[in-house]
Amino acid sequence: MLPLSVLQKAAGEITSFGGAGQSVMEISHRGGDFKPIIEGAESLLRELLNIPPNYHVLFLQGGGMTQFAAVPVNIAGVEAAKEKRNCTYIDTGVWAAKAASEAGKYVNVKIPASSKDKNYTCIPDAPAPSADDAYYYICLNNTIVGTKWHKLPETGSVPLVTDASSCILSEPLDVTRFGLIFAGAQKNLGPAGCTIVIVRDDIAHNAPSWTPAMLNYDIHIKEKSLFNTPPCWCIYIIGLVLQWIKETGGLAAMQKHNSEKAALLYDCLDNSKLFKSPVEKSSRSLMNVPFVFNIEDAEKKALLEKRFLHEAALAGMVNLAGHRLVGGLRASIYNAMPVEGVRALISFINQFEKSA
Ligand SMILES: *Cc1c(COP(=O)(O)O)cnc(C)c1O
C-alpha cells in the first residue's frame, strides 16, 4: 500500500501539477516542470539513505528483473563470452535463484551457500568470496519466503550487490557496504514501472561494447536517467513517498514503526496453536510475514486457508494469500501499512483461532 496522504496529494494535482496547467502524465520529460521532480526525488533519496557522492542514483525501467541481467553485464561482462568471469550468488529463495539463473548467461555463477534444503526458512551462513569474484550477490529481503539478511556478509574488496526491492527504505542501510543496490519501486517506493539503481562509480562504467544501450549504466549516468523517456508519473509519486518518509522522521522512524508491527505479528503467530511462522527467528523479515496452519492434514489445511482468505476479505483485509509458488498465507506490511492494520489482522487471527 501507499501512504493515503500521498495518494490524496497526487489526486489533488492530477489534472494540473504546480503551475504547469498540465498533469505530470502530460508534461515533457525534457521540460522545466519535470526537472525539479526527478532532481528532487534523487536528492531526497540521497538524504534519507545518506548516499555518498561517489555513488550514482538511476531511475530506470524494466522492473527488478531487468537488473538480473544488467548487473552481470555492467559489472562483470567481458568482450568475448568464452572468458566469463566468476561471481558469487547466495541462494535464499526464488528471487535470488532467478537472478543467478539470468546472470549465468553472462558470467560464471558460483552458489557456495543455499537454504533450499531448509525450504528457504533461514538465511544460510555466507562464505567469504574468492579473490577473483567480480561481485558477491545477495537478495536483501526475500519477499516470498519472508527472510532477510540481518548481518551483511563480509566481502572485503569484492563489491557486494543486492536486490533490495522489498525492503528499501524500511530501515537505515549503510550504502557504503555495497557496490550496487537496486530496487523495483512497487513494493515500498511507489507504483510499478521504475527501478532505482544506486551504483558506486568505480564499477559503473565497465559495460562491454555489446551491452544493449538500455541496460548500460554508463549511458544512463551520462544522461542523468533521461536517455529515453523515464517513467515520469512513477518518479513523481516516488518523490512524494520520499517526502512522506522524511516528514515521518526518516529511516530511523521507519525502522521503529516496522519493527513494532513485525514484533506484534510474529508474537501473535508464536503464541498461536493453530498458526505458525515457518521462518527461523534469526532470519525473519520485517516486511513480509508468511504464516501457515500448524496442522498436517493437507486437505483440511487447504480448506482452512480458503476460509481464512474469504473471511478476511469480508473483514476488509485483502492480499493475504501466500505467493503462488509457496502457498499458505502472507502479510506484507510495507512502510505505509499502519500499526492499526497489523492490530486488525492480529485480532482477526485470534478470532479465527477461537472459532476454528
Ligand atoms: C518483486 C520482486 C522482484 C521482481 O521485480 P519486477 O519489478 O517484477 O521485475 C525482484 N526481486 C524481489 C526481491 C522482489 O520482491
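This report covers the cysteines and the nonpolar cores of a predicted model.

Local features need pLDDT of at least 70, side-chain atom pairs count only at pLDDT 80 or more, and totals for chains, interfaces and linings use all residues. Residues are numbered from 1 along each chain as its sequence is written, and side-chain values use heavy atoms, without hydrogens or water.

**Cysteines**

A disulfide is taken as a pair of cysteine sulfur atoms within 2.5 Å. The count by this rule is zero.

**Nonpolar cores**

A nonpolar core is a set of buried Ala, Val, Leu, Ile, Met, Phe, Trp, Tyr and Cys residues joined through side-chain atoms within 4.5 Å. The largest has 83 residues. Ile 198, Leu 265, Phe 275 and Phe 308 touch the most other members. Helix H6 (residues 232-248) gives the largest share, 11 residues. Helices are DSSP runs of H or I, at least four residues, numbered from the N terminus. Domain 1 (4-248) and domain 2 (251-355) both contribute residues, so this core lies between them. The domain bounds come from an automatic or database assignment.

Beyond its neighbours within four places in sequence, Leu 265 is in contact with Val 289, Ala 331, Ile 333, Val 342, Leu 345, Ile 346 and Ile 349. Contact means heavy atoms within 4.5 Å.

A second, separate core holds 31 residues, including Leu 58, Ala 70, Phe 182 and Val 199.

Conventions. Buried < 20%, exposed > 50% of the residue type's maximum accessible area, 1.4 Å probe, protein only. Helix = DSSP H or I, 4+ residues; strand = E, 2+ residues; numbered from the N terminus.
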